[in-house]
Amino acid sequence: MSWMQQLSQVYDHNQSQVGKFEERRKQRMTLLPVSHVMQSAQIEILITPEGEFSNAKVIEKENARTIVPATTASANRSNTSAPHYMHDKLAYVAGDYVKHGGAAKHEEHYNDYSRQMKEWAQSDQTSWKIQAIYSYISKGSVIEDLVNAKILPVDVSNMVFDKWPSREKGEKPDIYKVVTNGALSAFVRFDVMHESPDEPVVWEDSGLFDSFIRFLEKTNEQTKGYCYVTGNYTTLTTQHGSRIRNAGDMAKLISANDSSGYTYRGRFANPTEAVQIGYDVSQQAHHALRWLIQRQGTYVDSRYFVTFGLEQPEVPEPFESTAELFEEDIFSQSLQELGEQQVITEDLVAEELNKALQGMNHTLEKENLENIVVIALDAATKGRLAVVYYQHLKVDLFYKAILHWHTSCRWLQIYQEEETNKIKSYVGTPSTYRMAEAVYGSKADSRIKKELYTRLLPCIIEQKPIPKDIVQIIFNRVKNPFSFNNSNESWGSTLNIACALINKQYEREGYTVALQENNSSRDYLFGRLLGIAEVMERRILKERQDNRATNATRYFNAFSQHPARTWLVIRKQLTPYFERSGNSTGFYAMLLQKIEDRITVEKMTNEPLSPVFLLGYSSQIQDLYTKKEENKNDVIEA
């Protein structure tokens, strides 16, 4: 139950955020009060302080999120009658629901809802707003008022059109644009005319939140016992939160509702023998987890990932690329120019990354942040949610791990600036999203990609070695450049990401983007040979305005499988270029000869090349394309 303790602490540290809405991805979110749930409402009814209908409107999806007072039964209801308080579906709040076409089996829903509201309105924890709402709903005329307000259209029998008939002329009413299961399934929220402009709406009124919590504490009789999470003697609950990942998610982390199945049969007589959890800590932990996922989580398929600090929720996202980690644009014009002067920006970016992470670390330490938690959640079935990854770290270890990841899994990355569409480059780590696309392809099943995210987490968070099969998969993809034809994916970008992963796998070898001229590795030298052949032929073909593939590209896969034999073929096909181009290819011929001399007879074999060959290939190409002195050397005799 460690994760519940941590999440409960997050809730305690962020009490000031309860009920305050933020916006992300055009969705409003908040840390919910205890005993409240979040629902999307489709209809809003405004009533007078005297409890009379004033007007109503259909709510746009962007503003639909509504904080609703709820019991554990209503928060986990399925097919039984279990009303929320105050705001709920038409089947609960409308006394004339059946009269206007609603299902007869829902007839008791309104009675249950009305009885609950009466208890709250008559309790010592009530307010004039609750009394006004109860006074209105007790009239039992919600649907009739909505019909008169032109919100719900009816037929000649005064029955509500659950679905908008295709035969009807004119524009479809707004209510059908926001409901998914018919107009009669609409969720209704109430507001009372405000006495001042600063007065909050009913569903965001913190005074009403507290009022309901106190009311429920006095009236709701629940079992007491020792909570396994806090160790305190408190009110227990056996019903825990759902809708953790999104509004339609009914999967739960803790559940024991199957008394006749195999959930605990043969082990315990009742659910509380397995575990006892306090009502407050359960509510706080689930609300905090839901809030963190909405505000800073990421997901692939059904798997959700969230990283947070216990004292201060915002921390760097482990899956981001090096460029995304910076709050400021470190690739500004001045730094770009400086980087170009240094041929590569490797050291420059590493230095800036250090500064940025140390700055963030320092800021968080000032706020007494000590611990960071990383959680991944997934559901094997619709009803059961599992923690598939959990790590609790000290903040300094977390930042050390993030820094290590970005300085060990890096290679040249090329990206397009959104504002200017300019192509820019830097030496850093690609985002995990781009890695997944590069390893499995953009059209790969998302279930495979989510496993990659989970397998990379220990590499990022715990500094574990990268799985070899991941490197081998992307190596096999890159070895076949022609498989990228007729695809939106770029072979060059995939090659750079592959090099980053290979560099991580061989991090002890100390490979760099900058060409290592003294590196005598067989794989590295063969990669350099292919890189020189590629650059030389590409330049000549460009001068001839010939767009065909080079021999180096055509034989890329064969070269990696049988390097000695294939190199002889490529070398032979380069001969005409040397003969026709004369002095302009002298530099390349000299370079090829120098490298061939370093590959001894023992190394000039057909043993397949390891992924390191891509590092030599990439570094050699970058070196030839960026070195200015290469032009003047073009005239050197072979």
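Ser-431 counts as buried, at 8% relative accessibility (buried means under 20% relative accessible area, exposed over 50%, partly exposed in between, with a 1.4 Å probe and protein chains only). This is a predicted model, in which local features need pLDDT of at least 70 and side-chain atom pairs count only at pLDDT 80 or more, while totals for chains, interfaces and linings use all residues. Residues are numbered from 1 along each chain as its sequence is written, and side-chain values use heavy atoms, with hydrogens and water left out. Here is a quick tour, starting with that serine.

**Around Ser-431**
- Ser-431 sits in the loop that runs between strand 17 (423-428) and helix 15 (432-440); helices (H or I, at least four residues) and strands (E, at least two) are DSSP runs numbered from the N terminus.
- Setting aside neighbours within four places in sequence, Ser-431 is in contact with Phe-319, Glu-320, Ser-321 and Glu-324, where contact means heavy atoms within 4.5 Å.

**Aromatic rings**
- The whole structure holds 26 aromatic pairs; rings of Phe, Tyr and Trp (its six-membered ring) pair if their centres lie within 6.5 Å, and planes under 30 degrees apart count as stacked, over 60 as edge-to-face and the rest as tilted.
- One of these pairs is Phe-475 with Phe-613, edge-to-face at 6.4 Å centre to centre and 75° between the planes.
- Phe-475 belongs to helix 17 (residues 468-478) and Phe-613 to helix 24 (residues 612-626), so their pairing ties together parts that are 138 residues apart in sequence.
- Both partners are tucked away: Phe-475 is buried at 2% relative accessibility, and Phe-613 is buried with a relative accessible area of 0%.
- One aromatic cluster is formed by Phe-475, Trp-491, Phe-526, Phe-556, Phe-559, Trp-567, Phe-613 and Tyr-617.

**Charges over rings**
- Arg-28 lies over the face of Phe-21, 4.1 Å from the ring centre (NZ of Lys or CZ of Arg must be within 6 Å of the ring centre and within 35 degrees of the ring normal).
- Arg-189 lies over the face of Trp-203, at 3.8 Å from the ring centre.

**The largest pocket**
- The largest pocket is lined by 38 residues, and Gln-39, Lys-89, Asn-181, Ser-185 and Arg-243 lie nearest its centre; on a 1 Å grid over the protein atoms alone, a pocket is an open set of points where a 1.4 Å probe fits, with protein on both sides within 12 Å along at least five of seven lines, and lining residues have an atom within 4 Å of a point.
- Strand 3 gives the most to this lining, with 3 residues.
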